[in-house]
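User: Could you take a close look at the aromatic side of this one for me, and then at how the helices around it pack?
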Amino acid sequence: MTLDELEEYVTTLPRKRVGFYPTPLHKVENLSKKYGIELYLKREDLAGPAAASGSKVRLAEFIVGEALQNGVTHILTVGAYISNSATQLAAVAIQAGITPVLFLYDNLAEGFPKSWRGNLLVNKIMGVEVHCYPRSPSESQETIWDDKLYPAVARRKAELEAAGHTVMVAPAGVTHPASFPAHLLTYKEIQDQCRALGFKPDYLYHTTGTGGVLPAFAAAKLITADSTLIRSIAISSYRPDNYVSHDLIVSRVKTIYEQIGKPAPDDSEILDVLDIDQRFIGPDYAVPSDEGTAAIRELATSDAILLGPVYTGKGFAGLLAHIREGRVKPGEKVVFLHTGDTNNLFEDAAVTGLVAAG
Ligand SMILES: *Cc1c(COP(=O)(O)O)cnc(C)c1O
């Protein structure tokens with residue numbers, strides 16, 4: 001199967017078109033020279049509909065597409081208060097005339113909402129109904145999900161349904177099966193754009209979190225027997241007992257095969273294309289790391305391009321480390337997927353890494 005055929009399949013799926021696709025792909029001139037490599041960025045951070053954007057817009061288009069087909073009036077979703085996915089899903093829902101309702105928790109246990117800022121400020125400006133759940137330092141993030149967020153979602157859903165509305169609940173990270181094939185398109189755009197520029201990328205780097213991008217990239221590579229290697233930098237640990245794991249990615253790759261109507265390869269074949277570096281998570285999810293902050297500053301000072309402290313700074317730190325370690329060699333061609341996260345630069349100084357957290 002070719003990338004063109006994959007794209008044809010994706011065009012048959014329900015979709016609310018909101019983003020400006022294909023997103024740009026361009027060379028990063030100064031940093032490329034500094035390291036003697038060919039570094040390109042694929043700009044999912046510029047997907048739209050506003051600068052408050054990123055890789056979740058593409059996922060949200062398919063979830064909202066399905067919601068429209070089912071007559072949904074309200075989409076409820078959950079996340080951390082700095083959540084990119086919640087804000088981007090809200091933006092796509094608004095354009096579709098669907099009411100978004102967000103349930104957000106305080107992942108830093110710093111007293112929430114302290115002030116309207118970052119994504120929280122954007123949600124407020126868009127007039128989104130946001131329910132905030134503070135966390136005390138003694139409370140675990142898991143406890144917040146089970147004891148506060150999900151029960152609150154269930155209560156609001158029941159209320160809305162009793163009032164005659166049709167409700168859809170989208171999982172954290174907008175990783176709903178309807179959205180799994182979305183980033184097959186990103187993969188195709190990257191390969192098309194690189195071909196138009198006259199090269200084949202050696203590596204495709206990206207930051208992996210809830211597993212929205214990686215299953216589609218792995219599936220696209222396997223289905224089309226493509227030679228580009230996928231390298232993922234994790235911001236949350238891949239463990240069997242965590243919300244993301246190697247097994248979860250394998251099962252989502254298999255779901256994509258099922259959706260396309262192709263027999264899935266063995267688990268081992270899927271695991272073989274996964275290359276997930278977990279050394280750049282830093283102190284915790286959404287807590288800035290020194291390498292991440294340094295990476296944000298390096299790209300901003302060399303090429304005036306902004307990353308973010310929760311995801312893309314850490315992902316880019318992983319790429320820079322691989323260059324230093326010789327895992328990317330001089331002259332090799334790298335595409336880094338810029339998934340967004342720049343709103344989180346406008347968080348408080350602890351989240352930007354400019355002062356110590358806590
Ligand atoms: C969600 C997110 C990621 C992680 O991507 P997944 O597809 O969830 O693994 C990376 N970068 C940014 C900016 C994100 O918002």
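Which residues form one aromatic cluster?

Analyst: The cluster is made of Tyr105, Trp145 and Tyr150. Before going on, a word on the ground rules: this is a predicted model, with local features needing pLDDT of at least 70 and side-chain atom pairs pLDDT 80 or more, while totals for chains, interfaces and linings use all residues. Numbering starts from 1 along each chain as its sequence is written, and side-chain values use heavy atoms, leaving out hydrogens and water.

Searching the whole structure turns up seven aromatic pairs (Phe, Tyr or six-membered Trp rings with centres within 6.5 Å; planes under 30 degrees apart are stacked, over 60 edge-to-face, the rest tilted). One to zoom in on is tyrosine 40 with phenylalanine 199: the ring centres sit 4.4 Å apart with the planes at 25 degrees, so the pair is stacked. The two partners come from distant parts of the chain, 159 residues apart. Tyrosine 40 is buried because its relative accessibility is 8%, and phenylalanine 199 is buried at 11% (buried is under 20%, exposed over 50%, partly exposed in between, with a 1.4 Å probe and protein chains only).

Follow the chain on from β2 and you reach the loop between β2 and α3, where proline 49 lies. Glycine 48 and proline 49 are joined by a cis peptide bond, omega about 5 degrees. A cis bond also joins tyrosine 21 to proline 22, with omega about 0 degrees; this proline 22 is in the loop between α1 and β1 (25–27).

Leu3, Asp4, Leu6, Glu7 and Val10 of α1 touch Leu184, Leu185, Tyr187, Lys188 and Gln191 of α7, contact being heavy atoms within 4.5 Å. By class that is six nonpolar, one polar and three charged (Ala, Val, Leu, Ile, Met, Phe, Trp, Tyr, Cys and Pro are nonpolar; Asp, Glu, Lys and Arg charged; the others, Gly among them, polar).

Now for α8 (residues 214–223) and α9 (residues 246–260): the axes come within 9 Å and cross at roughly 60 degrees, so α8 is oblique to α9 (under 35 degrees is roughly parallel, over 145 roughly antiparallel, 65 to 115 roughly perpendicular, the rest oblique). This crossing is right-handed. Its residues split into 12 nonpolar, no polar and one charged.

Helices α3 (residues 56–69) and α4 (residues 84–95) pack at about 50 degrees with axes 9 Å apart, which makes α3 oblique to α4. They too cross right-handed, and their contact holds seven nonpolar, three polar and two charged residues.

Alanine 225, in the loop between α8 and β8 (229–234), has a positive phi of about 50 degrees though it isn't a glycine, and it is exposed at 69%. Alanine 304 has a positive phi of about 60 degrees and is exposed at 64%.

Note on methods. Axes fitted to C-alpha atoms, helices over the stretch in contact; angles between N-to-C directions. Helix = DSSP H or I, 4+ residues; strand = E, 2+ residues; numbered from the N terminus. Left-handed = near helix turned anticlockwise from the far one by under 90°.
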